[in-house]
Amino acid sequence: MENTTLLATEATILFAGDSGDGIQLTGDQFTNTAALHGNDLSTFPNFPAEIRAPQGTLAGVSGFQIKFGSTEIYTPGDQCDMLVVMNAAALKANLRQLKKGGIIIANTDGFDAKNLRLAKYPEGVNPIEDSSLEEYRLLTLDVTRMTKSTLEGSGLGTKEVDRTKNMFVLGYIYWIYNRSLDATVKFIEQKFAKRPEIVEANIKTLKAGYNYGETSETFMQRVEIRAAQIKPGKYRNINGNPATAFGLIAAAQKAGLPLFLGSYPITPASDILHELSRHKNFGVKTFQAEDEIAAICSAIGASFGGSLAVTTSSGPGIALKTEAIGLAVMLELPLVIINVQRGGPSTGLPTKTEQADLLQALYGRNGEAPLPVIAAQTPGDCFYAVYEACKIAVEHSTPVFFLSDGYLANGAEPWLYPTSDALKPIVPNFAKELAEGEKFLPYKRNEKLARKWAVPGIKGLEHRIGGLEKEHETGNISYDPENHEFMVKLRAEKVDRIADYIPLQTVDQGPQSGPLVVVGWGSTYGAIKTAVRAALNDGIQVAHIHIRNIHPFPKNLGALLAAYDHILVPEMNNGQLVRVLRDKFLVPAEGMNKIKGVPFASGELLEKIKSIVAHA
Amino acid sequence: MHSETQDIAVFTAKDLVTDQEVRWCPGCGDYSILKQVQTVVPELGLRKEEIVFVSGIGCSSRFPYYMETYGMHSIHGRATAIASGLKATRPELSVWVITGDGDSLSIGGNHFIHMLRRNFNLNVLLFNNEIYGLTKGQYSPTSERGKITKSTPMGSVDHPFNPLALILGADGTFVARSMDRDPLHLRAILKRAHLHTGTSLVEIYQNCNVFNDGAFEVFTEKGTKADNALFAEHGKPLVFGANSDKAIVLDGFTPRVVSLADCSENDVWIHDETDRTKAGILTRFFDDPRKAEAFPRPFGVFYVEHRDTYEDVMNRQLEEAVRLKGSGDLDALLRGNSTWEVAG
């Protein structure tokens with residue numbers, strides 16, 4: 001029978017298997033290939049906290065979802081069209097993610113008695129053999145056997161042969177979507193450059209999977225998804241953490257400052273440390289400190305010395321840094337504090353995403369210690385948002401919070417990357433050598449209320465700073481009651497004044513006034529955008545506002561919000577931005593909260609929008 | 001070289017005095033230490049603007065406010081971590097850390113040991129007064145067991161740290177002890193500390209005359225000093241006593257106090273700063289001086305080792321990266337390895 005090709009605008013695939021099955025790598029490869037094909041895309045890796053959770057168990061299932069298409073894609077998709085499962089546990093954990101009528105590709109070897117038992121299927125039940133999957137289209141492949149026969153005589157051990165299984169599956173999926181193998185072949189050649197026999201085995205298995213699609217006739221219909229009609233320009237694929245690292249390097253280069261990162265490993269922030277460590281030829285210094293406190297304190301020392309200083313962490317680490325953040329507020333030195341948020345409280349859900357550290361960023365310090373807070377909204381936006389955080393830190397002499405999250409950190413999208421000359425200039429507020437007879441006042445301020453950055457080494461600028469309250473302008477220790485109140489208000493005013501230097505808030509889509517606006521921040525951008533677009537297509541009057549500068553807010557935000565009857569604030573927390581909006585603007589904002597460690601599905605947002613409009 | 005030397009503006013101890021009123025209690029040992037530091041620093045051939053004093057929290061940590069150099073009075077226990085970041089990025093600066101026994105060994109214990117193993121080129125002055133002064137008199141991690149303080153009315157339960165044994169254990173590369181009451185000795189040790197490349201750790205016995213008066217008086221006061229303090233100098237025999245009549249000998253790995261009259265001078269332990277094993281033994285001369293058989297407490301440089309500093313190795317890696325890959329090209333970084341073009 002001839003294979004026919006179906007032309008589709010988009011597809012969502014969920015790859016799932018044991019955390020040792022190479023699922024993330026498979027997903028990454030498919031993503032890169034889709035990106036190079038010109039598709040727009042969005043991904044969602046979802047893996048267990050344990051590096052190697054018990055094999056075959058539900059707890060050990062690792063997943064990677066990708067939505068790609070010839071149209072604009074803003075989320076990794078609510079439900080998938082195709083579920084690829086390497087074992088029984090992967091099927092059980094993810095079946096509810098599959099659309100009715102969707103395709104299941106199952107590795108039969110992962111459905112033996114042992115795997116079925118570990119996945120907690122009742123004795124004697126095998127879902128790929130009984131009729132329980134009738135609502136779907138099931139394709140079974142004996143990946144293990146076919147991989148083994150492909151590599152027969154290769155001289156590799158069973159374990160090494162087994163490790164190439166994911167390549168067979170990837171090859172097969174490439175065949176279905178008619179993709180080139182070139183990018184993955186190149187990747188394999190680079191990754192295993194030192195082991196030619198492994199290179200050969202992986203490429204052979206990848207091709208075997210592809211050829212199996214060609215010859216087996218198990219899959220009748222190939223799917224063609226053409227390149228997306230997205231904004232013209234040059235694209236690359238990017239994840240949030242590398243984008244953050246690139247944003248830091250770019251900011252340091254544009255500001256003419258050396259970059260210093262003080263960090264302590266923590267999920268899901270460590271990849272920023274890893275990425276920056278690879279770019280020492282940019283003058284980047286990375287310091288893996290003994291703990292979170294030393295990480296930020298070393299950064300404060302580096303900032304005092306004139307570096308663009310950064311510390312990266314996630315919620316529990318940020319909690320430990322709190323006292324030092326207060327010191328940076330008092331010292332009024334540039335510092336960028338990066339929180340790649342994860343599920344909390346305490347250790348919480350280390351590998352799952354959440355937005356529950358917003359109030360910590362805004363208020364989580366002793367004393368009155370305001371600082372600017374900026375949140376990225378897509379993986380690629382991490383670059384621009386952290387760049388802006390650096391610019392504000394350096395030009396306004398203040399520590400700045402940059403909020404990302406696990407979903408942005410690990411998620412990918414095609415990125416219309418900028419050229420260096422298109423980036424805004426960053427001008428450090430350095431103090432210069434004094435004129436004869438001039439006295440240096442370390443806490444004297446400019447029109448931004450920023451004090452000068454007086455770096456050791458400059459003659460005549462010797463001065464002392466510290467955590468004790470400062471006297472206005474001289475910076476001397478002061479316990480004077482009037483001075484303290486004045487300084488508290490001055491530091492707050494300095495941060496508030498940043499609103500004069502940031503862009504005004506825009507309405508992402510929808511009318512400038514009307515019955516309903518959906519207000520989001522951070523990584524909910526894609527889901528809200530998709531839901532609001534669908535609602536607008538249905539003729540529903542709804543707008544979308546997404547806030548990047550959370551402190552200070554853009555100056556026009558209050559006026560914008562006042563133009564809508566209802567304000568819906570979806571957040572992956574128990575209601576944080578919604579409180580701030582109510583507090584700041586006295587508006588009847590309503591929260592919509594999801595605290596499940598996974599992003600919003602655009603479908604659930606659309607339903608909520610419809611129900612509000614229906615009851616309005 | 002010549003022009004550079006001429007370039008260094010001469011400054012004196014007086015130039016290091018700030019306009020801030022010194023606020024330690026009258027009679028505090030900190031005054032002497034401040035004076036010795038202000039005396040020594042102008043003699044080190046440094047430019048005033050390349051000197052930085054960083055401190056944590058505690059009485060001693062007010063120190064930077066009284067030094068007319070760059071300075072930072074930071075948060076409790078973290079001066080070592082802040083100085084590490086400063087030194088990593090500005091290796092050419094002369095960075096001095098001022099800390100106390102609570103600041104460095106209690107709340108800042110972690111940063112303290114990690115700074116030592118990394119061997120940043122820092123001068124660390126640990127003011128040990130065996131008490132918490134700023135919080136008005138609680139026992140510290142160096143207070144002797146059984147100490148009666150406000151927080152330990154029945155005597156403290158904690159066994160104290162032996163700071164120099166800890167420092168040597170953390171692979172400190174310059175381990176020394178001095179005291180507030182011996183200006184000449186302290187000045188000599190401070191100079192040595194400056195000259196050492198690596199973390200120079202100087203424990204300074206410092207009297208807190210308000211909350212722990214006389215804690216070190218047997219070592220520092222005229223009548224008892226000679227019999228209880230042992231001044232170790234490299235290449236010289238370990239001799240002490242009012243009449244220089246007592247000495248230390250090593251019987252295998254066991255040290256003994258002997259009367260010089262009873263032994264040959266050739267048998268006396270000759271101090272060797274580069275001998276790690278012997279330095280370890282010397283740090284264990286840590287008896288309660290009230291005990292009859294107590295060993296004398298050593299002062300001086302216990303141990304010196306030359307090891308790469310963290311910042312040197314870090315900088316070499318940066319240079320190597322540039323050599324291998326060339327200076328960073330931002331546009332190439334942003335572009336990455338695989339790109340595609342969407343036509344307009």
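This is a predicted model: local features need pLDDT of at least 70, side-chain atom pairs count only at pLDDT 80 or more; totals for chains, interfaces and linings use all residues.
Author: Two strands pair if DSSP finds at least two bridges between them.

Reader: Which residue is the bridge partner of A:V517 in β21(A)?

Author: In general, strands of a sheet pair through backbone hydrogen bonds, either parallel or antiparallel. Here A:V517 has A:I567 of β21(A) as its bridge partner. The strands concerned are β18 (residues 514-521) and β21 (residues 564-571) of chain A, which pair in the parallel sense over four bridges.

Reader: In what order do the four strands of the open sheet in chain A run?

Author: The order is β19-β18-β21-β22 (chain A), with parallel pairing. At the edges stand β19 (543-547) and β22 (589-593) of chain A, each of which pairs on one side only. From one strand to the next, the twist averages 25°.

Reader: Which strands of the sheet does helix α17 of chain A touch?

Author: Helix α17 (residues 525-537) of chain A packs on the sheet and touches β18, β19 and β21 of chain A. The direction of α17 makes about 170° with that of β19(A). Helix α19 (residues 577-585) of chain A also packs on the sheet, touching β18, β21 and β22 of chain A. The direction of α19 makes about 145° with that of β21(A).

Reader: How should I read the packing of two helices, and at what angle do α4 and α6 of chain A cross?

Author: Two packed helices are described by the angle between their axes and the distance between the axes. For α4 (residues 143-150) and α6 (residues 165-176) of chain A, the axes come within 9 Å and cross at roughly 100°. Angles of 65 to 115 degrees count as roughly perpendicular, so α4(A) is roughly perpendicular to α6(A). From α4(A), the residues A:V143, A:T144, A:M146 and A:T147 meet A:K165, A:F168 and A:V169 of α6(A). By class, the residues of this contact are four nonpolar, two polar and one charged.

Reader: Which domains does the domain assignment give for chain A?

Author: The assignment gives domain 1 (4-225), domain 2 (236-422) and domain 3 (514-615). The centres of domain 1 and domain 3 of chain A, taken over C-alpha atoms, are separated by 36 Å. Their contact takes five residues from domain 1 and eight residues from domain 3. On the domain 1 side, two residues are nonpolar, two polar and one charged.

Reader: How many residues of chain B are in contact with chain A?

Author: The size of an interface is often given as the accessible area lost when the parts come together. Here the description is by residue contacts: 51 residues of chain B are in contact with 58 residues of chain A. On the chain B side, α3(B) supplies the largest share, eight residues. Other elements that each supply at least two residues include β2 (70-73), α5 (109-118) and α11 (310-325) of chain B. The chain B side has 22 nonpolar, 19 polar and 10 charged residues.

Reader: Which strand of chain A pairs with β2(B)?

Author: Strand β17 (residues 464-466) of chain A pairs with β2(B) in the parallel sense over three bridges. Within this pairing, A:R464 stands opposite B:G71.

Reader: Is B:G172 buried or exposed?

Author: A residue is buried if 20 or more other C-beta atoms lie within 10 Å of its own. B:G172 has 27, so B:G172 is buried. This glycine lies in the loop between α6 (163-169) and β5 (174-179) of chain B. Beyond its neighbours within four places in sequence, B:G172 is in contact with B:L116, B:I167, B:T199 and B:L201.

How values were computed:
Residues are numbered from 1 along each chain as its sequence is written. Chains are lettered from A and ligands numbered from 1 in the order in which they are written. A residue is buried if 20 or more other C-beta atoms lie within 10 Å of its own, exposed if 12 or fewer, and partly exposed in between; C-beta atoms are placed from the backbone. Two residues are in contact if their C-beta atoms, placed from the backbone, lie within 7 Å. Domain bounds come from an automatic or database domain assignment. Ala, Val, Leu, Ile, Met, Phe, Trp, Tyr, Cys and Pro count as nonpolar, Asp, Glu, Lys and Arg as charged, and the others, Gly among them, as polar. Axes are lines fitted to C-alpha atoms, for helices over the stretch in contact, and angles run from 0 to 180 degrees between N-to-C directions. Angles under 35 degrees count as roughly parallel, over 145 as roughly antiparallel, 65 to 115 as roughly perpendicular and the rest as oblique.
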